[in-house]
Amino acid sequence: MKKILITGGAGFIGSHVVRLFVNNYPNYHIYNLDALTYAGNLENLKDLESKPNYSFIKADITDADKMDALFAEHTFDGVIHLAAESHVDRSISDPLAFIKTNILGTVNLLNAAKTVWKDSMDDKLFYHISTDEVYGSLGAEGLFTETTAYDPRSPYSSSKASSDHLVRAYHHTYGMPVVISNCSNNYGPNQFPEKLIPLSINNIKHNKPIPIYGKGDNIRDWLYVHDHARAIDMIYHKGSNGETYNIGGINEWTNIDLIHQLCKVMDKKLGREEGESAKLITFVKDRAGHDMRYAIDSSKLMDELGWKPSLQFEEGIELTVDWYLANKEWLDNILSGDYEKYYNNQYNER
Ligand code: NAD
Ligand code: TYD
């Protein structure tokens, strides 16, 4: 039985990746390692608790000794590394937390893997999950490809860029088998309500203002989280050693258009008159250093591995709203923690 370590599996994307691997590969044992920070939530994985090929390990990737001990105990045949501090706004107020987890944490995992895999790296794989934000910000034209020069501009994207470089350095220097993928903005069930879509769903539901940074003309390329998990599955199994794959939704929206689309869906689902939720839209002070546009060219992944997104945005956003409205308890549990304090710090000044 192959042993696969998935880090950050209690978070948004990680929980979907863990579920896909546990359910689709009964011949793999999946170890989900997560520190359960504010963003980690075992509620996301309740349905997997009794599965014989699933184990949870509570551990912090910044703890090098712990990572060494875990790798010595289990060896692991593969690593899919998602654990990270992931929110740009938090990186602006606390960059160091991002340096520690995203850079040092990644190096700790690479070192632990290098030590236990030293005799033979054949059939091993370190798969690092990264973001399109490492490429910087686009103007009106163009797409990020795998050869676009790195130009990160926030503490978050800089820390992810740094970890990407280190993963490539371990490949070139020590022969570690690696793949990296850089994905665009994800949305879907289980996303922590600090990111644009779930935060807006929650605010609309409670008739609170929807805070739009600046003029709302920044553009993101949105991908449904299941399609990211499907891509990760494909790249883990069919990607070539040392390669990078971009993953995107072919789905660019300005923030303001996206929020109008979301408001329309919310009006319908909540039985409100059309246009009612959109009245909550409130323009607030822009994010510092706000990247203008992200857009991904996924043709390498599509042509070489045969991946394509399975959902249109209009379907995905409806599924997402349905999930948040049906999972009131999940949302209420998050809102009852430190969320209010975060929200007030983040938005009262704007
Ligand atoms: P998330 O914030 O929802 O989850 C991160 C998980 O990592 C949480 O469960 C958290 O507890 C865990 N974690 C954080 N610090 C840790 C530490 N020191 N040790 C162990 N576990 C720790 O993030 P997400 O949105 O699911 O993103 C997952 C990965 O995908 C990240 O690497 C992120 O950079 C990347 N990514 C995200 C997006 C997106 O749109 N969300 C897009 C592209 C790439
Ligand atoms: P976010 O979900 O934080 O993802 P990222 O910064 O990684 O792209 O933000 C998506 C876009 O929405 C980004 O342009 C910032 C903007 N935004 C708002 O306008 N208001 C908000 O309250 C948030 C959280 C984001």
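Predicted model: local features only at pLDDT ≥ 70, side-chain atom pairs only at ≥ 80, totals over all residues.
1. Salt bridges overall. Side chains of opposite charge can pair when their charged atoms come close. A search of the whole structure returns 13 salt bridges.

2. K46 and E49. A salt bridge links the side chains of K46 and E49, with an N to O distance of 3.7 Å. K46 has a relative accessibility of 49% and is therefore classed as partly exposed. E49, with a relative accessible area of 51%, is exposed. The two labels differ because the boundary for exposed is over 50%, so the values of 49% for K46 and 51% for E49 should be read with that cut-off in mind.

3. E243 and K300. The side chains of E243 and K300 form a salt bridge at 2.6 Å, N to O. E243 sits in the loop between helix 7 (225-238) and strand 10 (244-247), whereas K300 belongs to helix 9 (residues 299-305); the pair therefore ties together parts that are 57 residues apart in sequence. With a relative accessible area of 32%, E243 is partly exposed. K300 is buried, its relative accessible area being 18%.

4. K269 and D322. In the salt bridge between K269 and D322, the closest N and O atoms are 3.0 Å apart. Helix 8 (residues 255-270) carries K269 and helix 10 (residues 313-326) carries D322, so this contact ties together parts that are 53 residues apart in sequence. Both partners are partly exposed: K269 at 30% relative accessibility and D322 at 33%. Salt bridges with shared partners join K268, K269, E318 and D322 into one network.

5. Three strands, in the order 7-9-11, make up an open sheet of mixed pairing. Strand 7 (185-187) and strand 11 (252-254) are the edge strands, each pairing on one side only. On average, neighbouring strands of this sheet are turned by 50 degrees against each other, direction ignored.

6. Strands 7 and 9. Strands of a sheet pair through backbone hydrogen bonds, either parallel or antiparallel. Strand 7 and strand 9 (residues 219-224) run parallel and are joined by three bridges. N186 has L223 of strand 9 as its bridge partner.

7. Helix 7 and the sheet. Helix 7 lies across strand 7 and strand 9, and runs at about 70 degrees to strand 9.

Note on methods: Residues numbered from 1 in each chain as written. Chains lettered and ligands numbered in written order. Heavy atoms only, no water. Salt bridge = Lys/Arg side-chain N within 4 Å of Asp/Glu carboxyl O. Buried < 20%, exposed > 50% of the residue type's maximum accessible area, 1.4 Å probe, protein only. Helix = DSSP H or I, 4+ residues; strand = E, 2+ residues; numbered from the N terminus. Pairing = 2+ DSSP bridges. Axes fitted to C-alpha atoms, helices over the stretch in contact; angles between N-to-C directions. Contact = heavy atoms within 4.5 Å.
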